[in-house]
Every structure is written in structure tokens, then in C-alpha cells.
Amino acid sequence: MANVSFDITDNDILYEDNHLIAVNKRAGDIVQVDDTGDEPLDEKVKKYIAKKYNKPNGAFLGVVHRLDRPVSGVILFAKTSKALERMNELFKTRQMRKIYYAVVRNRPNPPYGNLVHWLVKNPKKNVTTAHGHEVKGSLRSELHYRMVGELNGYYLIQVNPITGRPHQIRVQLASLNSPIVGDNKYGYPRGSLRKSICLHARRLQFIHPVKNEPIDIKAPLPKDGFWEKFAHLVNDSDDDSVIRGEE
């Protein structure tokens, strides 16, 4: 199935002020340009801002963080260089609280806990390998996870990544023998025709780098005929439990 590109509209915007803009990324969109030649999300957002605010010479947009192409959910961009610099520092010093949801077919054992691995990425194959101890070229990676519920043999997992490594959630859940649905790169038996995996960046919480006020951005689950079935299991009031790694 060919990848279909859509322009950004007001319906895609989760948060915006003079400094930041957050978009509900569709699975299949790339964040920045790559060798596919497909139009990246940052260019789409630039066009949206330029059109909305009548900027014929274009708009500044800084990429603060990234989501893998097959992943959906909250992604944040900076609209000024000052905001970009300060947001980069928040991510670097781990002052961002991130909540993801994943759907797996194999029940995680144990059903909640803390995972620590040392990850090595092969840039040529675009694959990350998880190790149980430090190896040459590895980066320490940590996340908390919690099984939220079960539906027709599928399990909804809530994840709080402490670090932000390439493919971290995907490879660490696979290390539990619970690969994400659709993620055949990390052990799920088949891929998705939609070029997506069942991993959704649900929530970002942080202190605004300019306004110095708390910001809480949520992305609704994708409307694709599958994610909607899990909506009744999503309860944002339970987020604190995954942060603590509790059941």
C-alpha cells in the first residue's frame, strides 16, 4: 500500500502558542527528510504556519524530538530558536514526562516493572539491538511499563520511557517476548498494510521553557478501526502508576 501524504490542518494541532506547536502525528509520516523523498512532517507544519499567519517567506520550525515513522501521537516542534534551545535542554536533562501506549499479543511477564538495557543501533540496517549489560558503543536505556488490560487476546501496555533512544520502546518490549503488534522488525510475525505499528505517543508533560507554566499535551488514539477498541482502557488518571512502575 502506497504511503498517502496529507496536509496539516487545524484538526491535527494539539497545542500551539508563540513558541511551540504540537501535532498529532499520523503513523506513516516521517518527521524529517530521509532518502525516501517523501514530504516530511516538519515541512508540512512549516507550510501550515506560513499559511495560517500569512508568512510568504516561510516560517521557522525546529525539530525538538522524533517519532519513528510507523508510530503515531504527540510530536512537538519549536517555533523560535530560543524555544528550540530550551526544549532541547529539557529533553537532554530528562525533564519531559512521556507516556506511550502499545498493543502486544503476548502478555508481558511480569505485567509491570522497570526495564534497563544497553542499546546499540545499526544505522545501515536501521535496527537496534538490546543487551543486558554495557557493550562497546551502547547507550543505557530505561523505561517503566504497566499492563493496562486485555481485549480479545491483545494486551494494552502503558509505557514511560526515561531515556529517549532510537527504537527504544520497540526493542525493549520485544525483549520481554512482547513485540508490538505490526512491528515485524522486532519480532511480530507480520507487518501492517497501513505501514504502522501499534505504538502511540499519548502524552507529553513539561514546564513551558518561556512561560514557566505546566503544559500537558494529549493525543487521542488513532481512529483506524483497531485502536478505538481499547479506548475504554485508557485512563489518564492512572499515569502516575506507570511512572512509579507499580501495578
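Mentor: Let us begin with E142 and R140, whose side chains meet in a salt bridge at 3.1 Å, N to O, the term standing for a side-chain nitrogen of Lys or Arg within 4 Å of a carboxyl oxygen of Asp or Glu. Elsewhere, salt bridges that share partners join E16, K52 and K79 into one network.

This is a predicted model, in which local features need pLDDT of at least 70 and side-chain atom pairs count only at pLDDT 80 or more, whereas totals for chains, interfaces and linings use all residues. Residues are numbered from 1 along each chain as its sequence is written, and side-chain values use heavy atoms, with hydrogens and water left out.

A further pair is R26 and D12, whose closest N and O atoms are 3.2 Å apart in a salt bridge. Because R26 lies in the loop between β2 (20–25) and α1 (41–52) and D12 in the segment before β1 (13–16), the pair ties together parts that are 14 residues apart in sequence; helices (H or I, at least four residues) and strands (E, at least two) are DSSP runs, numbered from the N terminus. Here R26 is partly exposed at 28%, and D12 is buried at 8%.

The side chains of K47 and E39 also form a salt bridge, at 2.7 Å from N to O, with K47 exposed at 51% and E39 partly exposed at 27%. A search of the whole structure finds twelve salt bridges.

Technical notes. Buried means under 20% relative accessible area, exposed over 50%, partly exposed in between (1.4 Å probe, protein chains only).
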